[in-house]
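Good morning, and thank you for making time for this item on the agenda.

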Amino acid sequence: MSSEVRSRALPVLLPSAERLRDAALREREIGTPTWRLDWSHGIALLTAFALGCGIAQAQAQPADSSIFATIWKWTPLLARGFVFNLAISFMAMALGTLAGVFLGFAQISLLRPVKRSAFLATHFFRNAPWLVLLFYCMFLLPFQVTLFGVTVPIPDWTKATLGLALPVMANVSEVVRGAIQSIPTTQWEAAASLAFNRRQTLWMIIFPQCIKRMLPPWMNLYAILTMATVLASIVGVNEMMTLTQRALSAESRPGLLLAFYSYVLLWFFAYCYPIARWTVRLEARYAVNQ
Amino acid sequence: MNPGSSSAVPGSNRETIVELHDVHQSFGDVEVLRGISFGVAKGGVACIIGPSGSGKSTLLRCINGLVPIKSGSIRVADFDVHALETDQQKIALRKEVSMVFQQYNLFPHKTALDNVMMAPIHVLRENPKEVRERALALLAKVGLATKCDAYPGELSGGQQQRVAIARSLAMRPEVMLFDEVTAALDPETVKEVLNTIRELAREGMTCILVTHEMRFARELADEVLFTDGGLIVEAGAPAELFDRPQRERTRAFLSQIL
């Protein structure tokens, strides 16, 4: 559509078309969570890391091992923690997406009570601080449940996953609602004129067209979630951040602080940066094809 | 075009399939339709002309129940459109009345062939194999046999519009509504779409067209209705209305565009 418009548009209109497009892009960016990593952030992190290593080395006692040897020693443990972060992010994303798609559809329900309560749930969980939701799940859920005489323990990481899945759910719900409503009403009219019912129209005509539009914000959300998984350290889950704190207290060298924490940041950057670049590329591609 | 049918008054010698009586519709305070009455005989072609904002498109959308009416009655075949309440009833009506839009409104994520096949398979629940054969035949009929696997984005406006016509025809409707189907096309492609509609009309499909193509209306229509301000100002056979308009408003409109 847009390429057609571009080729047919009068050249005299192009400057204002450009302005309108930029305005629309800005508007959309405000509406959806965006997280724009670029390579300069990586350089900044590396600089911080180098600076941290320098400080650590300068403050080292003669008996201490070198900063790189220390970091290397702890890396296997930290990597295990990082894998745990990723596991939490995968599960929270899957859970949140599933519930979020459901909630998003409920938001456009024709039944007023369903629509209202889906709207309230979405906006409550979208606007509540992630940490508060995490604390709620940590301390309000029991540490074990007894079902039909079988006692099932609920480990902390499960609760943390649940706590992170809630804001994901709310954000996915908004992404789904926004995508569905961004499909022109003429598509609904065309479907109605061909005697499709509402359910068929949604599933066969509207939703398939939404997937392209939903993918970039969804991936953005995933990158944000991955970075938020370190919140679980506050409630005592053994993820990378918690393990870093343990490593630091075991070493008991205050000089290591900056080096270790920027090292952790580098890990997250290395994971999230490709996702962010890929998102940008997808957005550009779909913007042309729509 | 045989001269006998062009002067026929709809309903006089053939069964009336679409009948509107005193239809009113308003959006908020704006009265869009202020008492529209007309009928279209089975196999007849009615062309609605008039200035923008005179309620032409709304009128068409009322006929297939996309837009509810405030008062009056619309009858299409055996359906009392105004009385349809449930979705099922509206769906039953829309199986008989199909609509083609100004902006084509093809489903962009489906190929031309899939666009044509979707509704018969999922709405009419017909055998996919038979539907496929019919769809291929319809696409060949509108001159797009080679474009079956193209997506709408890869087709020109005129081609998209012909796919949209084939898509509507695949439902085997009794009545076809055309809402300014050539208004978004460039002059060269207008002809290919008009040829398709001409062929349809000659095969006996009941057509109601909202159009700005006066030559086409004159050639094809059994009756031309000139609307302005939500009213039918003047109606009649094309020869009469175009050559000897009775009302001052009609004369003014025609002198502007002819």
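Let me start with a definition: two residues are in contact if their C-beta atoms, placed from the backbone, lie within 7 Å. Helices (H or I, at least four residues) and strands (E, at least two) are DSSP runs, numbered from the N terminus. This is a predicted model, in which local features need pLDDT of at least 70, side-chain atom pairs count only at pLDDT 80 or more, and totals for chains, interfaces and linings use all residues. Residues are numbered from 1 along each chain as its sequence is written, while chains are lettered from A and ligands numbered from 1 in the order in which they are written.

I begin with helix α5 of chain B, residues 128–141. The expected span of a helix is 1.5 Å times one less than its number of residues. A residue counts as buried if 20 or more other C-beta atoms lie within 10 Å of its own, as exposed if 12 or fewer do, and as partly exposed in between, with C-beta atoms placed from the backbone. Which residues of α5(B) are buried? They are B:V131, B:A135, B:L138 and B:L139. These cover an arc of only 95 degrees around the axis, which puts them on the same side of α5(B); the arc is that of the directions from the helix axis to the C-beta atoms. As a reminder, an α-helix has 3.6 residues a turn, so residues three or four places apart point the same way. The cover over the buried residues of α5(B) includes α4 (112–122) and α6 (157–169) of chain B. On the face turned away from the buried side, α5(B) carries the exposed residues B:K129, B:E130 and B:E133. After the helix comes B:G143, with a positive phi near 80 degrees.

Two further residues of chain B deserve a word. B:F178 sits in strand β7 (residues 175–179) of chain B, and it counts as buried because it has 27 C-beta neighbours inside 10 Å. Apart from neighbours within four places in sequence, B:F178 is in contact with B:V100, B:I197, B:C207, B:L209 and B:V210. B:Y104 lies in the loop between β6 (97–100) and α4 of chain B. Its phi is positive, about 60 degrees, although B:Y104 is not a glycine. Most residues other than glycine have a negative phi, and most peptide bonds are trans. Is B:Y104 buried or exposed? With 24 other C-beta atoms within 10 Å, B:Y104 is buried.

I turn now to chain A. It has 11 helices and two strands, in the order α-α-α-α-α-α-β-β-α-α-α-α-α along the sequence. Its radius of gyration, taken over C-alpha atoms, is set against a globule rule of 2.2 Å times the number of residues to the power 0.38. A compact globule of 290 residues would come near 19 Å, but chain A has 24 Å. Its C-alpha atoms fill a box of roughly 80 × 65 × 25 Å along the principal axes, and 29% of the 290 residues are buried.

Helix α10 of chain A, residues 240–251, has 12 residues and should span 16 Å; its end C-alpha atoms are 16 Å apart, which agrees. Its buried residues are A:M240, A:M241, A:L243 and A:T244. Seen down the axis of α10(A), they fall within an arc of 160 degrees, so they line one face of the helix. A:S249 and A:A250 are exposed on the other side.

Next, the interface. Here 17 residues of chain A are in contact with 20 residues of chain B. On the side of chain A that touches chain B, α8 (185–193) and α9 (198–228) of chain A each supply at least two residues.

Finally, confidence: pLDDT is the predictor's confidence in each residue, from 0 to 100. Chain A has a mean pLDDT of 86, and 90% of its residues reach 70 or more. Within chain A, confidence is lowest in helix α1 (residues 2–8), at a mean of 48, and highest in helix α5 (residues 112–127), at 95. Where pLDDT is low, the predicted coordinates should not be read in detail.
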